[in-house]
Every structure is written in structure tokens, then in C-alpha cells.
Amino acid sequence: MLRNRLLFSQNDKNKSQARTAICRKPRAAHNIGLRSQPKAKLAAILPALVVAFTGTVAAGSTFSAMAANNENGQIHADTKENVETHFTVIAHRGASGYLPEHTLEAATLAFSLGPDFIEQDVVITKDDIPVVLHDIHLETVTNVENVFPARHRDDGRYYARDFTLEELRQLRVHERANSDGKQVFKDRYRGTRANFKVATLSEHFELISELNRQFGTSVGVYPEVKSPAFHIKEGVDASKIVVDALNAYGFGGESGNSYLQCFDFNEVKRVRETLGYKGKVVMLIGENDWGESDTDYNWLRTQEGMQQVALYADGIGPWLGHLLDNEAMTQGKIEAAAWIAYAHENNLTIHPYTYRHDALPAGMSSEQVLEVLDKVVGADGVFTDHLVPVLRWREKLN
Ligand code: CA
């Protein structure tokens with residue numbers, strides 16, 4: 001087991017070095033490659049894609065029509081020299097498909113499975129300590145409402161910012177739940193006895209550093225500054241705290257094995273211009289109605305928007321729903337959304353979120369989703385709750 005792990009790690013390390021070069025290399029805008037038997041494969045999944053991404057079945061779409069469409073060249077065959085041999089795998093909230101998200105246990109399991117990066121979402125406590133939690137609120141992943149029933153704000157929510165680290169340590173972390181208390185993903189971890197805890201960003205960085213040192217690996221970190229504007233209003237500079245932690249643990253700097261991510265474009269600018277951060281940065285892209293920030297995500301996905309993003313960021317993190325051209329799909333074609341070309345033109349690394357093995361687009365297999373990301377979108381990797389299927393697919397790819 002250990003031997004396998006070490007072999008895999010070494011292999012991964014080599015790939016990681018290869019990836020560094022890949023990240024920086026200019027990409028041809030439409031040079032979206034197909035490998036050995038891709039046309040038949042893609043044609044075969046077209047009907048599923050149409051349904052999955054548009055909710056409709058394309059009228060008159062037939063295998064031959066779709067194959068002909070592919071031959072017409074909106075997807076180009078690639079020369080062997082252009083084929084990338086790597087696809088970055090990012091453990092989304094640790095191995096969150098198998099253990100409660102963002103716990104040290106989830107990070108440890110993720111490490112053992114061999115991803116390129118492990119993600120940490122970061123919020124700040126009352127005593128200004130960065131902790132690894134996905135939300136500024138606590139009740140979706142902890143028992144805060146039982147331990148500190150009176151400590152909610154007027155909106156009924158419990159804010160991590162209102163608790164000291166010592167208080168947060170008294171909570172138990174559980175699998176993500178809806179407001180009715182039911183697990184969001186019912187087949188994930190169902191145990192009730194193991195005492196999972198909120199952990200600090202330093203604990204996560206130290207854990208990954210120490211495991212890398214002992215196993216000779218180079219698993220990177222991928223922290224996200226959550227709701228920076230909220231934190232500034234609360235009187236704390238969350239980005240500065242995260243940048244300082246990245247630098248303190250050797251993950252920062254131009255050659256640091258990390259990406260810093262944020263949904264707030266003004267904050268991404270501030271990280272570069274005011275904080276002078278030199279490490280790799282990813283601009284996350286969501287929908288305007290999610291309320292993640294004041295950023296206009298529709299504008300970001302324009303030629304001008306992508307040019308602006310590229311002035312400050314090394315890459316983008318779009319969600320799956322933005323990647324394909326919905327209109328083309330209703331006609332039985334799989335094409336990347338038009339704006340994806342602007343991202344490629346600006347040499348932006350593309351790391352979409354989120355692969356979930358238990359919430360795949362309807363009618364699609366695991367491999368089909370990954371094939372589309374890799375070959376149609378030209379994505380450079382993916383955030384995944386489930387590392388095992390994605391790593392298995394990548395093994396075959398490489
Ligand atoms: Ca995140």
C-alpha cells in the first residue's frame with residue numbers, strides 16, 4: 001500500500017512539474033483536441049448532453065447527423081504533439097464526497113488519494129483566525145444551534161465571525177445538511193459518532209506540508225477567500241490573512257504550489273495591486289443572482305471581461321452550467337460556449353467546478369462529463385467532490 005502510494009506520488013510529482021509548464025503555455029483559441037476514438041464517443045453522448053444541459057431533446061437529432069456535424073469541424077482533431085497529458089485534479093473541500101467537508105480527516109483522505117491540489121474555503125473568526133469552512137454561516141455543517149442556541153443574528157443565522165476559535169472547537173462538524181436537517185447528498189457519510197471539528201487554515205497547510213515532506217509529494221493548496229466584502233465590513237482583511245498564510249507555509253510566490261481563488265473581481269484586483277501577491281490567482285465565475293459578490297459575472301464572460309481578468313488572474317473557475325453553448329445543444333451539437341474562446345485567447349487556465357459523482361448531469365456517465373470538459377471545453381482540470389472516478393479517468397488519459 002505504502003509502496004503503491006509512493007509510486008503514485010512520484011508519478012504525480014512528475015506530472016505536476018509538467019503541469020506547471022502547461023499552465024503557462026499559450027493555448028490556441030480553438031485548438032480543442034480529440035484523442036484516439038473521440039468522435040464516435042462524443043457523437044454517442046450528444047443526445048445525453050442535449051437533455052442534460054438544456055432539458056430538451058433535439059428534434060431530428062440522429063447519430064449520423066451528429067457525426068456529420070462533428071466532421072464539419074466544430075471539434076478539431078489534434079496532432080499528437082498538441083495533446084496535453086495532464087488534467088489537474090482539485091480535491092473540492094477535501095475529499096468531501098466521502099467525509100464531512102473541510103475537516104482535517106477529509107483533507108487527509110484527499111491527500112492519500114493523490115490529487116494535485118486540496119481546496120480550503122476560508123472564513124475568519126471573532127478573534128481573527130482563519131478557519132476552513134465553506135460558508136460564513138455555521139448551521140449547515142455544524143451543531144451550532146444546539147451548542148449556542150441564542151447566538152444567531154437577526155436573520156436567524158449563526159455567523160462564524162461571531163465566534164472565537166475556542167467556541168468553534170466546541171462544535172461538531174457534520175455532513176452538509178439542508179434547513180430541514182436532511183443531508184444534501186444522502187449517500188455520503190452517514191456516521192454520527194466520529195467527532196469532526198472545525199480546523200484552522202494553518203492546521204490544513206501544516207498537515208499538507210508535513211505529508212508532502214514525508215511522502216516526497218507536491219500536493220498543492222487552493223484556498224478561497226470567502227465573502228471578502230463581508231469580512232471588510234466586519235473589520236477584517238480576509239485576503240491579507242490568507243496571503244500571509246500562503247507565504248508563511250511556502251505555498252505563495254510565483255512558483256508556489258497553490259492557487260488563490262475568489263468570486264469578487266475587485267478583491268482579485270486588490271490582492272494583486274494593494275497586497276502585491278505574486279502567486280497564482282483564479283477568478284471564480286458564478287451567476288449574478290447567487291449573491292456571491294458585486295461582480296457582474298455576465299460581463300466577466302465577455303471578450304473585454306476576460307481581457308480584464310487576465311490582467312490580474314492566471315485562471316478562471318467557471319461553474320459547469322456556463323461551459324457549453326445551449327443553443328448549439330438544442331441542434332444536436334456539442335460546442336463550448338462562445339466566451340470560452342476568450343478565456344483561451346487570454347491564456348487563462350480553466351478549472352471548472354464541480355464534479356459530483358452522485359449528482360452528474362442527467363443521462364451522462366462519469367467519463368462523458370470528463371471527456372466533455374477535457375476535449376470540448378479544453379478545461380485544464382476540475383474541482384471534484386469525488387477524487388476516485390476522476391483520478392481513474394485521468395490515469396487512462398495519460
Ligand atoms: Ca470553494
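Isoleucine 316 touches Val282, Met283, Ile285, Val309, Ala343, Leu348 and Ile350, leaving aside residues up to four places away in sequence; contact requires C-beta atoms, placed from the backbone, within 7 Å. The model is predicted: local features need pLDDT of at least 70, side-chain atom pairs count only at pLDDT 80 or more, and totals for chains, interfaces and linings use all residues. Residues are numbered from 1 along each chain as its sequence is written.

**Exercise 1.** Determine whether threonine 349 is buried or exposed.

*Solution.* Step 1: a residue is buried if 20 or more other C-beta atoms lie within 10 Å of its own, exposed if 12 or fewer, and partly exposed in between. Step 2: threonine 349 has 22 C-beta neighbours inside 10 Å and therefore counts as buried.

**Exercise 2.** State how far apart the C-alpha atoms of threonine 349 and glycine 315 are.

*Solution.* These two residues are 34 residues apart along the chain, and their C-alpha atoms are separated by 4.1 Å.

**Exercise 3.** Describe how α4 and α7 are oriented to each other.

*Solution.* Step 1: helices are DSSP runs (H or I, at least four residues), numbered from the N terminus. Step 2: helix α4 (residues 104-113) and helix α7 (residues 201-215) pack at about 25°, with axes 10 Å apart; axes are lines fitted to C-alpha atoms over the stretch in contact, and angles run from 0 to 180 degrees between N-to-C directions. Step 3: angles under 35 degrees count as roughly parallel, over 145 as roughly antiparallel, 65 to 115 as roughly perpendicular and the rest as oblique. Step 4: α4 and α7 are therefore roughly parallel.

Technical notes:
Helix = DSSP H or I, 4+ residues; strand = E, 2+ residues; numbered from the N terminus. Contact = placed C-beta atoms within 7 Å.
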